[in-house]
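Me: I would like to go through a structure and ask what each description of it rests on. Please set the values against the criteria.

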Amino acid sequence: MSIASIMGTGLSALAANQQAMKAVSTNVANVNTDGYARLDTQFITRQASGGVSGVEVSIQRVANAYLAAAEMRGASDVSAADILSQLMDRAQGLLGDPSDSSTVFGQMDPVFSSFGALAVDPASALRRSTALSDLQTFLSQLDTTAGEITSLRDEANSRIVSTMEEANSLMAGIAKLNTSIQRSTIAGLQTSDGDTEQQRMLDRLSEIMDIRVQKRPLGGVEVRTSDGLLLVDLDSATLGLDSTSQGEAYPGIVMIAPRSTTETPMETHIQGGELKGLLRARDKELVNLQLEFGEFAAGAADALNAAHNQASAVPPPAQLTGTDTGLLASDQLNFTGKTNIAIVGNDGKVVRNFQVDFGAGTIMDDQLNVTNFANSIGDFQTALNTALGTDGSATFSAGSLQITTTTPSAGLVITDDPSTPALRAGRGFSATFGLNDLVTHGKPLNYATGLSGTDQHGFTAGQTLTFALRNQDGAIVRTVNFTVGAGASIASLRSDIDAALTGYGKTAMDANGRLTLVPTNNDIGRIDVIQDTTTRGDTNLSMSDIFGWGESLPAQRANSQYIRADIRANPSLLGSAQADLSGAAAGQLVLAPGDGRGALAIEAAGAAQRTFADAGGLTGQVTSVTDYAARLAGHAGVRAEALDSAKAAAESVRDEVKQRRQSEEGVNLDEELVKMTTYQQAYAAASRMIQAAKDMYDIILQMV
Amino acid sequence: MTRISSAQIPAASLADIAKAQQQLVEAARQSSAQTKADDLKGYGREAQTLVSAERLVARTNGFMSTARELDTRMQIQDVALGRAADAVSTLKEDLFQNVGLESGEGIRARLDEAFSVLKDAMNSNLGGRYLFGGVLNDRPPVKAASLTDLANNPLSDSLEQGADPQVMRVEEGRTVQAGVVADDVISDAMASIKRLAEFDQGPNGPFSGDLTATQKQAIQDELANLSSAFDKILSQQAENGRLSKEVDSANDRQKSQLDALNGAIGGITNVDLAEVAVKLNQAQYAYQASAGVFNVLRNMSLLDALK
């Protein structure tokens with residue numbers, strides 16, 4: 001043993017304690033760094049050929065991979081719940097304070113009340129204008145609210161893009177660090193700085209999407225989605241929007257795997273994180289709200305139209321023009337009951353009165369002349385045209401029925417028989433054809449078509465339509481291209497569609513001719529239509545327009561509703577009276593300016609029971625518009641509250657894991673200060689050792 | 001060994017302080033706005049009841065406003081019907097006197113006056129709408145310009161025919177007539193007046209000087225008719241009163257329904273101020289306690305001992 005070895009041992013202690021002090025100082029510096037795993041110093045005795053000689057130091061990150069993984073899982077759950085709850089909170093906020101009258105539901109009240117007030121003085125221009133202005137305010141509010149919900153979806157979509165960009169940069173960063181960590185490991189260098197930075201990136205990436213992290217043998221990590229798709233090794237994957245679009249409102253998200261150029265659809269692989277929350281908001285929760293809101297708006301307009309179609313202006317208009325119903329002349333009439341179509345003079349007295357008996361297939365005028373018609377819309381129109389003779393005409397083209405009278409100083413009035421009203425799919429004669437609608441939309445608001453399986457479908461063979469099968473979270477899992485086949489009937493169209501959707505869904509048709517697409521597979525939440533080039537006969541409506549398929553059309557019913565242009569321009573066309581046409585003879589007074597029963601019927605429309613179809617999260621039901629509004633509001637409130645609770649639950653799980661991880665990995669200042677003092681003292685002792693060895697050398701040298 | 005990282009200590013305190021602050025802000029909001037929440041989420045399951053009740057309140061207010069208008073209108077109608085009854089009653093008494101005195105003097109003038117009063121009463125209008133016109137309220141229900149007009153033309157030309165009474169809704173699912181129609185009120189009275197005027201203009205007329213036996217008989221015949229015409233006006237006035245009462249009682253029911261609804265809404269939206277005061281206090285204490293804990297933790301460090 002030599003004095004030199006004592007000096008060597010002392011020197012190793014100096015170096016070891018210096019390194020230990022460096023670790024302490026790094027820890028102290030990072031005491032408040034989020035996600036920092038402290039450095040732990042291990043002193044190891046140095047083995048030399050002659051036995052123990054000096055000390056070595058090893059500095060390790062105190063990282064608990066299991067707790068880190070648990071926290072990452074928790075973080076992705078929290079992020080998903082948080083973002084979803086934020087967006088849905090804002091969505092329910094758009095529906096306003098329920099105790100305030102300025103909300104969209106509150107705006108509906110004055111509409112009905114002002115029609116009630118109009119009944120007090122139906123001829124009053126002021127009251128007419130007030131009723132129309134209240135209605136316009138309500139329709140504008142519907143449009144604005146629907147627009148704001150759509151904006152929220154747009155926002156979710158743009159946040160998806162920016163979040164993906166962030167994820168891409170994090171994945172690239174992690175891959176780059178993998179390379180440098182691998183290089184350091186091979187060179188036998190410390191990698192703790194790189195590990196720390198990489199962990200920070202992983203923590204953030206786990207907030208964006210659910211990931212699984214695995215240590216690589218040569219250092220660094222391999223990152224996969226929780227269902228195993230490789231995201232990062234030495235290279236990184238790139239997330240982006242699907243470069244091919246088939247007409248969906250918002251593109252899906254895809255991944256180009258490391259070292260690949262192929263796009264893999266990703267939506268079904270992402271199960272957590274901000275991306276999941278944003279996708280669920282964009283493709284499911286907000287869509288549900290849009291659909292519910294669309295059904296409410298359509299219900300309100302349909303209820304108003306149903307009442308207005310039974311009412312008449314005083315004096316009545318000479319021409320009644322229906323909307324594009326999507327119906328064809330060859331379609332079966334499918335009406336039951338009776339209706340009266342009358343030519344009424346400007347003095348309110350009947351000129352001619354035609355009673356249409358759909359059961360008997362007859363049109364009988366007040367002179368008891370009978371015209372027969374068969375069970376088709378075209379046949380009925382021809383018969384009506386014949387019955388009107390020189391007093392008027394009836395045409396039917398492009399899905400629209402038009403009745404005109406040529407009698408001077410007279411107009412047309414239609415009312416269904418009070419005891420056996422004409423009905424097709426739950427709607428009266430005038431309402432079915434929209435001959436005297438109050439609110440227009442341009443496309444059907446009510447999807448009860450009244451068609452039956454034996455009707456001709458009217459689409460041209462070869463026309464195409466693309467179905468998108470969406471899963472329970474709203475992500476498109478498959479698209480199905482459908483081409484209209486050779487079969488002519490609706491029944492054959494249905495069986496063709498059923499065949500195309502085999503294994504995923506089928507069509508269903510109710511007694512009112514509402515043709516719906518029903519998923520038959522538990523993994524399919526909704527069957528959307530993303531492209532539709534069909535047109536029914538000479539109408540301007542597609543299959544989706546008529547049956548209300550897909551997500552966009554039913555939701556858009558809340559947008560662009562207007563008061564019928566001629567009524568808006570001339571409020572005297574507002575139907576405030578109601579003619580008692582049943583059995584009325586020529587010369588009988590049926591319309592009077594002081595008759596407010598038409599306005600009363602519109603007032604009652606708010607409380608009238610009607611059928612609402614399944615929409616979003618609300619199941620179909622028979623209820624009034626006002627009750628449906630309340631149910632929609634309640635549903636939105638409860639949904640937002642539930643999402644808030646889900647977020648709180650996810651947070652408490654994440655917080656618990658985070659606490660544990662921080663307890664284990666985080667820096668305790670007191671602990672570091674104690675260590676600092678210990679290393680300081682050890683350093684001083686080692687330097688004293690060297691001093692002693694030097695003294696020993698001096699003694700020996702003096703001896704020489 | 002159970003260890004804790006130093007960063008956790010202030011972070012935990014901060015979380016407690018933030019939570020206490022949030023409670024304070026919510027309690028303060030409730031205390032100033034006096035409502036439990038300001039959005040659908042805040043009311044959760046009760047949102048549906050609340051929205052539904054608010055709609056009912058709005059509808060009820062609409063009905064009540066119609067009822068108020070109707071009430072005013074019926075009071076005016078009552079006065080007009082009273083004037084019409086008075087006119088017929090006065091005419092009847094005057095004619096009775098004439099018969100008693102066997103004098104035909106002034107009969108034409110009395111008929112003229114009765115016609116004018118009846119016409120004026122039945123042609124009463126409110127804001128340009130004729131109260132007794134029924135659904136034909138845009139034109140005067142009594143069309144005859146003068147007594148001569150009445151005498152010279154069929155009665156159906158003098159009184160507007162075929163108009164139904166107006167109907168209005170005063171409560172959910174219930175409509176009432178807004179009053180009575182002139183033709184139903186004064187057709188009998190006008191018919192009597194018309195017959196007397198025709199007599200006056202006819203071969204046995206005019207009424208002047210001493211009444212002839214034929215003239216006396218004609219007046220006596222009409223006195224009986226005028227009595228039943230008077231009764232008819234009274235019964236129409238009573239009908240107007242009954243309708244007015246119906247409106248009143250509907251209005252009362254609406255009022256009590258409104259009170260009940262407002263009570264139900266208040267039960268959902270209004271905060272219990274005592275409860276809020278307690279919450280506010282608790283939130284304050286919680287805040288102070290959290291801040292106090294932070295103050296203690298702040299001073300706990302080995303650094304001081306190492307000086």
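Predicted model: local features only at pLDDT ≥ 70, side-chain atom pairs only at ≥ 80, totals over all residues.

Me: How do you know that the length of helix α6 of chain A agrees with its number of residues?

Reply: Helix α6(A) covers residues 273-308, 36 residues in total, and at 1.5 Å a residue it should span 52 Å. The C-alpha atoms at its ends are 50 Å apart, which agrees. The helix also has a bend of about 45° at Ala281(A).

Me: What makes α6(A) largely enclosed by the rest of the structure?

Reply: A residue is buried if 20 or more other C-beta atoms lie within 10 Å of its own. In α6(A), 36 of the 36 residues are buried, so the helix is largely enclosed.

Me: What sets chain B against a compact globule of 307 residues?

Reply: Such a globule would have a radius of gyration near 19 Å, whereas chain B has 39 Å. The C-alpha trace of chain B spans about 140 × 30 × 25 Å along its principal axes. Of the 307 residues in chain B, 37% are buried. Chain B has 9 helices and 4 strands.

Me: Which residues count as the side of chain B that touches chain A, and how many are there?

Reply: Contact requires C-beta atoms within 7 Å. By that criterion 49 residues of chain B are in contact with 54 residues of chain A. On this side of chain B, α3(B) gives the largest share, 14 residues. The side divides into 18 nonpolar, 18 polar and 13 charged residues.

Note on methods. Residues numbered from 1 in each chain as written. Chains lettered and ligands numbered in written order. Helix = DSSP H or I, 4+ residues; strand = E, 2+ residues; numbered from the N terminus. Expected span 1.5 Å × (residues − 1). Bend = angle between axes of the 7 residues up to and from the residue. Buried ≥ 20, exposed ≤ 12 C-beta atoms within 10 Å, placed from the backbone. Rg over C-alpha atoms; globule rule 2.2 N^0.38 Å. Contact = placed C-beta atoms within 7 Å. Nonpolar A, V, L, I, M, F, W, Y, C, P; charged D, E, K, R; others polar.
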